[in-house]
Amino acid sequence: MRKRHIGLLAAMPPLAGLVLLLVHTARVACVSIPIVDASVDAAEEPTFAIDREEELGEESGGRVGEDSLVAILLGGQGGHVLAGSFHVHTTASDGRGDLDDVSRAAARAGLDFLVLGDHNVDPPPAHYRDGVLIVPGVELSTSAGHLLAAGAERTAGWTLREEDPVGAARFAGGMAVLAHPVNRRLPWTGDWMSVDGMEVVSGDSLIREAMARPFVRLLPAVASLPASTTIGWLSIHHRPAEAFESWDAHPHLVGLCAHDAHGYEGYFGPFQAMQLRVRLSAPLPEDPKSAANKVVKALMEGRVWCTLGALADPAGFVLEKSFEPRSLTAALRYRDWPDSARPRVLLFRDGEKVSEGIFEASVSPASDGLYRAEVFLDLPWIWGRREFLWLFTSTIQIGGE
Ligand SMILES: [Zn+2]
Ligand SMILES: [Zn+2]
(Lines give C-alpha, C1' and ligand atoms only; values in the text may rest on other atoms or scores of the structure.)
(Ligands and ions follow the chains in the order given, each with its own letter.)
Protein backbone atom coordinates (compact mmCIF):
# COMPACT_ATOMS: atom_id res chain seq x y z
CA MET A 1 0.00 0.00 0.00
CA ARG A 2 2.77 2.42 1.02
CA LYS A 3 4.80 1.43 -2.03
CA ARG A 4 1.88 2.26 -4.30
CA HIS A 5 1.65 5.74 -2.75
CA ILE A 6 5.33 6.37 -3.34
CA GLY A 7 4.92 5.18 -6.94
CA LEU A 8 2.00 7.57 -7.45
CA LEU A 9 3.98 10.46 -5.92
CA ALA A 10 6.91 9.74 -8.22
CA ALA A 11 4.62 9.77 -11.25
CA MET A 12 3.13 13.19 -10.38
CA PRO A 13 5.84 15.56 -11.75
CA PRO A 14 6.15 13.83 -15.17
CA LEU A 15 2.34 13.63 -15.42
CA ALA A 16 1.98 17.32 -14.52
CA GLY A 17 4.66 18.13 -17.12
CA LEU A 18 2.81 16.15 -19.78
CA VAL A 19 -0.48 17.90 -19.00
CA LEU A 20 1.28 21.28 -19.19
CA LEU A 21 2.73 20.42 -22.60
CA LEU A 22 -0.71 19.30 -23.86
CA VAL A 23 -2.26 22.54 -22.62
CA HIS A 24 0.55 24.43 -24.37
CA THR A 25 -0.21 22.59 -27.64
CA ALA A 26 -3.92 23.41 -27.26
CA ARG A 27 -3.17 27.12 -26.72
CA VAL A 28 -0.90 27.19 -29.78
CA ALA A 29 -3.75 25.72 -31.84
CA CYS A 30 -5.80 28.87 -31.07
CA VAL A 31 -3.22 31.33 -32.46
CA SER A 32 -4.12 32.93 -35.80
CA ILE A 33 -1.48 34.10 -38.25
CA PRO A 34 -0.53 36.89 -38.78
CA ILE A 35 -0.72 37.64 -35.09
CA VAL A 36 -0.95 41.42 -35.64
CA ASP A 37 -3.74 42.17 -38.10
CA ALA A 38 -2.95 45.63 -39.45
CA SER A 39 -3.37 47.07 -42.93
CA VAL A 40 -0.69 49.02 -44.70
CA ASP A 41 -1.25 52.68 -45.43
CA ALA A 42 -1.65 52.70 -49.22
CA ALA A 43 -0.87 56.43 -49.39
CA GLU A 44 2.73 55.67 -48.48
CA GLU A 45 3.38 53.52 -51.54
CA PRO A 46 6.38 54.61 -53.61
CA THR A 47 5.14 56.49 -56.63
CA PHE A 48 8.14 56.84 -58.95
CA ALA A 49 11.63 55.51 -59.62
CA ILE A 50 14.77 57.49 -58.91
CA ASP A 51 17.81 56.91 -61.10
CA ARG A 52 21.47 56.45 -60.23
CA GLU A 53 22.28 60.18 -60.34
CA GLU A 54 20.61 60.46 -56.96
CA GLU A 55 23.33 58.19 -55.52
CA LEU A 56 20.64 55.71 -54.49
CA GLY A 57 21.13 52.82 -56.84
CA GLU A 58 18.99 52.07 -59.85
CA GLU A 59 16.62 49.85 -57.90
CA SER A 60 15.37 52.54 -55.49
CA GLY A 61 11.90 54.04 -55.57
CA GLY A 62 10.60 57.15 -53.95
CA ARG A 63 7.71 59.50 -53.37
CA VAL A 64 7.17 63.22 -53.03
CA GLY A 65 7.18 64.13 -49.35
CA GLU A 66 5.71 67.27 -47.82
CA ASP A 67 8.54 69.52 -48.94
CA SER A 68 11.08 67.33 -50.72
CA LEU A 69 11.87 64.13 -52.49
CA VAL A 70 11.89 61.03 -50.34
CA ALA A 71 13.78 57.96 -51.53
CA ILE A 72 12.84 54.56 -50.20
CA LEU A 73 16.02 52.61 -49.58
CA LEU A 74 14.55 49.45 -48.06
CA GLY A 75 11.11 48.11 -47.20
CA GLY A 76 7.89 49.47 -48.66
CA GLN A 77 5.57 47.50 -50.83
CA GLY A 78 6.23 48.85 -54.33
CA GLY A 79 5.25 46.26 -56.87
CA HIS A 80 8.55 44.48 -56.79
CA VAL A 81 9.36 43.48 -53.25
CA LEU A 82 10.05 39.74 -53.22
CA ALA A 83 9.96 37.33 -50.30
CA GLY A 84 12.32 34.38 -50.18
CA SER A 85 14.24 31.81 -48.23
CA PHE A 86 18.02 31.73 -48.01
CA HIS A 87 19.95 28.48 -47.49
CA VAL A 88 17.69 25.51 -48.20
CA HIS A 89 18.77 21.86 -48.02
CA THR A 90 17.11 19.14 -50.10
CA THR A 91 17.64 15.40 -50.56
CA ALA A 92 20.65 16.36 -52.71
CA SER A 93 22.44 16.54 -49.31
CA ASP A 94 20.94 16.11 -45.84
CA GLY A 95 17.51 17.71 -46.36
CA ARG A 96 14.34 15.67 -45.87
CA GLY A 97 12.43 16.86 -48.95
CA ASP A 98 13.19 16.98 -52.67
CA LEU A 99 12.93 20.12 -54.80
CA ASP A 100 9.20 19.53 -55.38
CA ASP A 101 8.48 19.34 -51.62
CA VAL A 102 10.51 22.50 -51.05
CA SER A 103 8.98 24.54 -53.89
CA ARG A 104 5.42 23.49 -53.00
CA ALA A 105 5.95 24.57 -49.37
CA ALA A 106 7.48 27.85 -50.57
CA ALA A 107 4.54 28.56 -52.92
CA ARG A 108 2.08 27.82 -50.11
CA ALA A 109 3.95 30.20 -47.79
CA GLY A 110 3.84 32.93 -50.47
CA LEU A 111 7.58 32.94 -51.25
CA ASP A 112 8.87 34.15 -54.60
CA PHE A 113 12.35 32.64 -54.50
CA LEU A 114 14.62 30.13 -52.73
CA VAL A 115 18.41 30.09 -52.53
CA LEU A 116 19.64 26.50 -52.36
CA GLY A 117 22.48 25.49 -50.04
CA ASP A 118 23.10 21.76 -50.29
CA HIS A 119 26.50 20.62 -49.03
CA ASN A 120 29.34 20.45 -51.57
CA VAL A 121 27.28 19.38 -54.60
CA ASP A 122 26.70 21.00 -57.98
CA PRO A 123 23.25 22.62 -57.68
CA PRO A 124 20.63 22.46 -60.45
CA PRO A 125 20.59 25.52 -62.74
CA ALA A 126 18.17 28.39 -62.00
CA HIS A 127 14.59 27.49 -62.83
CA TYR A 128 11.00 28.19 -61.86
CA ARG A 129 9.13 25.44 -60.02
CA ASP A 130 5.56 25.83 -58.77
CA GLY A 131 5.93 29.52 -59.62
CA VAL A 132 8.91 29.88 -57.24
CA LEU A 133 12.32 30.95 -58.55
CA ILE A 134 14.95 28.39 -57.55
CA VAL A 135 18.28 30.22 -57.24
CA PRO A 136 21.29 27.89 -57.31
CA GLY A 137 23.77 27.90 -54.44
CA VAL A 138 26.05 25.56 -52.56
CA GLU A 139 27.12 25.30 -48.91
CA LEU A 140 30.85 24.67 -48.93
CA SER A 141 32.46 22.82 -46.01
CA THR A 142 35.88 24.43 -45.62
CA SER A 143 38.72 24.24 -43.12
CA ALA A 144 37.43 27.53 -41.58
CA GLY A 145 33.72 26.65 -41.38
CA HIS A 146 30.76 26.70 -43.74
CA LEU A 147 30.42 29.23 -46.57
CA LEU A 148 27.34 29.64 -48.69
CA ALA A 149 28.07 30.57 -52.30
CA ALA A 150 24.70 32.11 -53.28
CA GLY A 151 24.03 31.99 -57.02
CA ALA A 152 26.94 29.56 -57.57
CA GLU A 153 26.35 26.95 -60.25
CA ARG A 154 29.08 24.54 -59.14
CA THR A 155 30.84 23.35 -56.01
CA ALA A 156 34.60 23.39 -55.28
CA GLY A 157 36.90 20.44 -54.57
CA TRP A 158 38.16 19.62 -51.06
CA THR A 159 41.79 20.65 -51.69
CA LEU A 160 40.72 24.19 -52.52
CA ARG A 161 38.14 24.24 -49.70
CA GLU A 162 40.85 23.20 -47.25
CA GLU A 163 43.61 25.50 -48.47
CA ASP A 164 41.67 28.64 -49.41
CA PRO A 165 38.09 28.73 -48.03
CA VAL A 166 37.11 32.12 -49.46
CA GLY A 167 38.91 31.28 -52.72
CA ALA A 168 36.72 28.15 -52.94
CA ALA A 169 33.58 30.32 -52.71
CA ARG A 170 34.99 32.62 -55.42
CA PHE A 171 35.74 29.55 -57.57
CA ALA A 172 32.17 28.30 -57.12
CA GLY A 173 30.95 31.81 -58.06
CA GLY A 174 28.13 33.96 -56.71
CA MET A 175 28.09 35.75 -53.38
CA ALA A 176 30.25 34.48 -50.49
CA VAL A 177 28.18 34.40 -47.28
CA LEU A 178 29.35 33.16 -43.88
CA ALA A 179 26.89 30.40 -42.95
CA HIS A 180 26.01 30.26 -39.22
CA PRO A 181 29.31 32.08 -38.37
CA VAL A 182 28.46 32.33 -34.65
CA ASN A 183 27.58 28.76 -33.83
CA ARG A 184 28.05 26.33 -30.96
CA ARG A 185 29.20 23.50 -33.22
CA LEU A 186 30.66 25.02 -36.39
CA PRO A 187 31.61 28.71 -36.02
CA TRP A 188 33.49 30.56 -38.74
CA THR A 189 37.22 30.75 -37.87
CA GLY A 190 38.48 32.34 -41.10
CA ASP A 191 38.67 35.82 -42.60
CA TRP A 192 35.67 38.17 -42.09
CA MET A 193 36.94 40.98 -44.32
CA SER A 194 37.04 39.34 -47.76
CA VAL A 195 33.53 37.84 -47.85
CA ASP A 196 30.34 39.57 -48.99
CA GLY A 197 27.84 38.76 -46.27
CA MET A 198 26.93 36.79 -43.18
CA GLU A 199 23.93 34.96 -41.80
CA VAL A 200 23.13 37.14 -38.79
CA VAL A 201 20.11 35.00 -37.94
CA SER A 202 20.70 31.33 -38.72
CA GLY A 203 18.15 28.55 -38.30
CA ASP A 204 20.98 26.14 -37.49
CA SER A 205 22.34 28.39 -34.72
CA LEU A 206 18.81 28.97 -33.33
CA ILE A 207 18.24 25.21 -33.03
CA ARG A 208 21.59 24.66 -31.32
CA GLU A 209 20.90 27.46 -28.85
CA ALA A 210 17.44 26.02 -28.16
CA MET A 211 19.04 22.65 -27.43
CA ALA A 212 21.31 24.34 -24.90
CA ARG A 213 18.19 25.76 -23.13
CA PRO A 214 15.85 22.75 -23.28
CA PHE A 215 13.17 23.91 -20.81
CA VAL A 216 12.92 27.56 -21.84
CA ARG A 217 13.21 27.20 -25.62
CA LEU A 218 13.26 23.63 -26.91
CA LEU A 219 10.33 22.01 -25.06
CA PRO A 220 7.80 24.80 -25.76
CA ALA A 221 8.84 24.68 -29.44
CA VAL A 222 8.49 20.90 -29.66
CA ALA A 223 5.12 21.01 -27.87
CA SER A 224 3.94 23.59 -30.44
CA LEU A 225 4.78 21.45 -33.48
CA PRO A 226 1.64 19.25 -33.50
CA ALA A 227 -0.52 22.41 -33.59
CA SER A 228 1.65 24.74 -35.70
CA THR A 229 5.15 24.26 -37.11
CA THR A 230 5.18 28.03 -37.74
CA ILE A 231 4.68 28.82 -34.03
CA GLY A 232 7.17 26.05 -33.21
CA TRP A 233 9.76 27.82 -35.34
CA LEU A 234 8.92 31.25 -33.86
CA SER A 235 9.35 29.76 -30.38
CA ILE A 236 13.09 29.23 -30.90
CA HIS A 237 13.58 32.56 -32.68
CA HIS A 238 15.32 35.34 -30.75
CA ARG A 239 17.81 38.12 -31.43
CA PRO A 240 21.22 36.43 -31.48
CA ALA A 241 23.20 39.07 -29.56
CA GLU A 242 26.64 37.57 -30.27
CA ALA A 243 26.02 37.37 -34.03
CA PHE A 244 24.85 41.03 -34.05
CA GLU A 245 28.00 42.03 -32.15
CA SER A 246 30.17 40.28 -34.74
CA TRP A 247 28.23 42.00 -37.51
CA ASP A 248 28.56 45.44 -35.88
CA ALA A 249 32.32 44.82 -35.81
CA HIS A 250 32.15 44.15 -39.59
CA PRO A 251 29.31 46.41 -40.79
CA HIS A 252 30.52 46.25 -44.43
CA LEU A 253 29.00 42.73 -44.59
CA VAL A 254 25.49 42.29 -45.96
CA GLY A 255 23.41 40.92 -43.07
CA LEU A 256 20.98 38.11 -43.90
CA CYS A 257 18.69 35.68 -42.18
CA ALA A 258 18.83 32.05 -43.24
CA HIS A 259 16.44 29.21 -42.58
CA ASP A 260 19.16 26.59 -43.12
CA ALA A 261 16.00 24.53 -43.73
CA HIS A 262 16.35 20.76 -43.63
CA GLY A 263 12.64 19.97 -43.52
CA TYR A 264 12.75 18.00 -40.23
CA GLU A 265 9.47 19.66 -39.23
CA GLY A 266 8.48 20.20 -42.87
CA TYR A 267 9.47 23.30 -44.86
CA PHE A 268 6.22 25.27 -44.62
CA GLY A 269 6.51 26.34 -40.94
CA PRO A 270 9.92 28.03 -41.22
CA PHE A 271 8.98 29.57 -44.60
CA GLN A 272 5.78 31.06 -43.17
CA ALA A 273 7.53 32.24 -39.99
CA MET A 274 10.51 34.16 -41.47
CA GLN A 275 11.36 35.64 -44.86
CA LEU A 276 14.17 37.48 -46.52
CA ARG A 277 12.87 40.40 -48.60
CA VAL A 278 14.58 42.11 -51.52
CA ARG A 279 13.61 45.16 -53.52
CA LEU A 280 13.81 45.18 -57.32
CA SER A 281 13.04 47.93 -59.84
CA ALA A 282 10.98 45.62 -62.07
CA PRO A 283 9.20 42.28 -61.82
CA LEU A 284 11.38 39.17 -62.08
CA PRO A 285 12.14 38.39 -65.74
CA GLU A 286 10.79 35.17 -67.23
CA ASP A 287 14.26 33.89 -68.00
CA PRO A 288 15.24 32.06 -64.79
CA LYS A 289 18.97 32.70 -65.10
CA SER A 290 18.64 36.46 -65.40
CA ALA A 291 15.97 36.39 -62.64
CA ALA A 292 18.41 34.56 -60.33
CA ASN A 293 21.13 37.09 -61.21
CA LYS A 294 18.80 39.96 -60.24
CA VAL A 295 18.05 38.40 -56.85
CA VAL A 296 21.75 37.74 -56.12
CA LYS A 297 22.65 41.29 -57.23
CA ALA A 298 20.06 42.73 -54.83
CA LEU A 299 21.53 40.61 -52.03
CA MET A 300 25.08 41.71 -52.92
CA GLU A 301 24.03 45.36 -52.79
CA GLY A 302 22.35 44.94 -49.42
CA ARG A 303 18.87 45.78 -50.75
CA VAL A 304 17.56 43.23 -48.31
CA TRP A 305 15.73 43.00 -45.01
CA CYS A 306 14.64 40.14 -42.85
CA THR A 307 11.14 39.76 -41.41
CA LEU A 308 8.99 37.52 -39.26
CA GLY A 309 6.00 37.79 -41.60
CA ALA A 310 3.91 35.45 -39.44
CA LEU A 311 3.79 38.14 -36.73
CA ALA A 312 2.64 41.02 -38.98
CA ASP A 313 2.67 41.99 -42.66
CA PRO A 314 5.97 43.91 -43.00
CA ALA A 315 4.87 45.90 -46.09
CA GLY A 316 4.27 49.03 -43.98
CA PHE A 317 7.95 49.25 -42.97
CA VAL A 318 10.21 51.70 -44.79
CA LEU A 319 13.78 52.89 -44.46
CA GLU A 320 13.85 56.17 -46.36
CA LYS A 321 16.11 59.09 -47.01
CA SER A 322 15.22 62.70 -47.63
CA PHE A 323 17.47 65.53 -48.77
CA GLU A 324 18.67 68.93 -47.54
CA PRO A 325 19.36 68.27 -44.81
CA ARG A 326 20.03 64.62 -45.49
CA SER A 327 17.99 62.61 -43.03
CA LEU A 328 17.22 58.95 -42.59
CA THR A 329 13.99 57.53 -41.17
CA ALA A 330 12.93 54.00 -40.33
CA ALA A 331 9.16 53.93 -39.89
CA LEU A 332 6.10 51.71 -39.66
CA ARG A 333 3.13 53.06 -41.65
CA TYR A 334 -0.12 51.24 -40.93
CA ARG A 335 -3.71 52.38 -40.65
CA ASP A 336 -5.03 50.23 -37.82
CA TRP A 337 -2.11 48.90 -35.82
CA PRO A 338 -3.51 47.45 -32.56
CA ASP A 339 -2.51 49.05 -29.24
CA SER A 340 -1.70 45.60 -27.86
CA ALA A 341 1.44 45.33 -30.00
CA ARG A 342 4.02 48.04 -29.39
CA PRO A 343 6.60 48.47 -32.17
CA ARG A 344 10.04 49.75 -31.13
CA VAL A 345 12.23 51.04 -33.97
CA LEU A 346 16.02 51.41 -33.67
CA LEU A 347 18.52 52.96 -36.07
CA PHE A 348 22.25 52.15 -36.01
CA ARG A 349 25.22 53.84 -37.67
CA ASP A 350 28.52 51.94 -37.96
CA GLY A 351 27.37 49.50 -35.28
CA GLU A 352 26.26 52.17 -32.75
CA LYS A 353 22.63 52.97 -31.89
CA VAL A 354 21.84 56.55 -33.03
CA SER A 355 18.06 56.74 -32.64
CA GLU A 356 15.13 54.90 -31.07
CA GLY A 357 11.39 55.47 -31.05
CA ILE A 358 7.92 53.97 -31.13
CA PHE A 359 6.73 53.51 -34.75
CA GLU A 360 9.61 55.67 -36.02
CA ALA A 361 13.30 56.42 -35.52
CA SER A 362 15.08 59.18 -37.38
CA VAL A 363 18.47 60.94 -37.70
CA SER A 364 18.86 64.42 -39.14
CA PRO A 365 21.30 65.40 -40.42
CA ALA A 366 22.45 61.87 -41.27
CA SER A 367 26.25 61.87 -41.48
CA ASP A 368 28.11 59.42 -43.73
CA GLY A 369 28.16 55.84 -42.55
CA LEU A 370 26.74 52.36 -42.72
CA TYR A 371 23.17 52.42 -41.41
CA ARG A 372 20.79 49.66 -40.43
CA ALA A 373 17.47 49.31 -38.59
CA GLU A 374 15.89 46.86 -36.18
CA VAL A 375 12.20 46.70 -35.22
CA PHE A 376 10.93 44.90 -32.14
CA LEU A 377 7.32 43.91 -31.48
CA ASP A 378 6.08 43.37 -27.96
CA LEU A 379 3.13 40.98 -28.37
CA PRO A 380 0.66 38.87 -26.44
CA TRP A 381 2.21 35.41 -26.85
CA ILE A 382 1.23 31.85 -25.85
CA TRP A 383 1.71 32.66 -22.16
CA GLY A 384 1.94 36.34 -21.21
CA ARG A 385 3.89 38.56 -23.60
CA ARG A 386 7.07 38.26 -25.63
CA GLU A 387 9.26 40.71 -27.47
CA PHE A 388 10.41 39.61 -30.93
CA LEU A 389 13.02 41.00 -33.25
CA TRP A 390 10.37 41.28 -35.98
CA LEU A 391 12.50 42.92 -38.65
CA PHE A 392 16.06 43.95 -39.35
CA THR A 393 17.62 45.48 -42.43
CA SER A 394 21.02 44.90 -43.91
CA THR A 395 23.52 47.73 -43.56
CA ILE A 396 23.29 50.37 -46.27
CA GLN A 397 25.90 53.02 -47.12
CA ILE A 398 24.87 56.66 -46.84
CA GLY A 399 27.25 59.16 -48.46
CA GLY A 400 31.01 58.67 -48.65
CA GLU A 401 30.91 56.50 -51.80
ZN1 LIG B 1 26.27 24.56 -42.35
ZN1 LIG C 1 23.19 24.31 -44.08
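Predicted model: local features only at pLDDT ≥ 70, side-chain atom pairs only at ≥ 80, totals over all residues.
Pro 34 sits in the loop between H1 and strand E1 (48-49), where helices (H or I, at least four residues) and strands (E, at least two) are DSSP runs numbered from the N terminus. Residues are numbered from 1 along each chain as its sequence is written, and chains are lettered from A and ligands numbered from 1 in the order in which they are written.

A cis bond also turns up between Ser 364 and Pro 365, with omega about -5°. Pro 365 belongs to the loop between strand E20 (360-363) and strand E21 (369-380). Most residues other than glycine have a negative phi, and most peptide bonds are trans. Phe 359, in the loop between strand E19 (352-358) and E20, has a positive phi near 70°. Phe 359 counts as partly exposed because it has 16 C-beta neighbours inside 10 Å; the scheme calls a residue buried if 20 or more other C-beta atoms lie within 10 Å of its own, exposed if 12 or fewer, and partly exposed in between, with C-beta atoms placed from the backbone. Asp 260 has a positive phi too, near 45°, and is found in the loop between strand E13 (254-258) and helix H9 (268-273). With 25 C-beta neighbours inside 10 Å, Asp 260 is buried.

The C-alpha atoms fill a box of roughly 90 × 55 × 40 Å along the principal axes. For 401 residues, a compact globule would have a radius of gyration near 21 Å, and the 22 Å of the chain agrees with that; the radius is taken over C-alpha atoms, and the globule rule is 2.2 Å times the number of residues to the power 0.38. Buried residues account for 48% of the 401. Of the contacts between residues at least 6 apart in sequence, 64% join residues at least 24 apart, a contact being a pair of residues whose C-beta atoms, placed from the backbone, lie within 7 Å.

Leu 114, part of strand E5 (residues 113-116), is buried, with 29 C-beta neighbours inside 10 Å. Beyond four places in sequence, the contacts of Leu 114 include Val 88, Val 102, Val 132 and Val 135. Leu 114 and Ala 83 are 31 residues apart in sequence, yet 8.9 Å apart in space, C-alpha to C-alpha. Val 177, counted in the same way, touches residues including Leu 147, Val 195, Met 198 and Leu 256.

Helices H6 (residues 214-224) and H7 (residues 229-236) form a pair whose axes come within 7 Å and cross at roughly 170°. The two are therefore roughly antiparallel, the label for angles over 145 degrees, with under 35 being roughly parallel, 65 to 115 roughly perpendicular and the rest oblique. Axes here are lines fitted to C-alpha atoms, for helices over the stretch in contact, and angles run from 0 to 180 degrees between N-to-C directions. Arg 217, Pro 220, Ala 221 and Ser 224 of H6 make the contact with Ile 231, Gly 232, Ser 235 and Ile 236 of H7. In H7, 8 of the 8 residues are buried, so this helix is largely enclosed by the rest of the structure.

Val 23 gives a contrasting picture. This residue is in helix H1 (residues 2-29) and is exposed, with 12 other C-beta atoms within 10 Å. His 119, in strand E6 (residues 118-119), is partly exposed, with 15 C-beta neighbours inside 10 Å. Outside four places in sequence, His 119 touches Ser 93, Asp 94, Glu 139 and Ser 141.

Notes. Contact = placed C-beta atoms within 7 Å.
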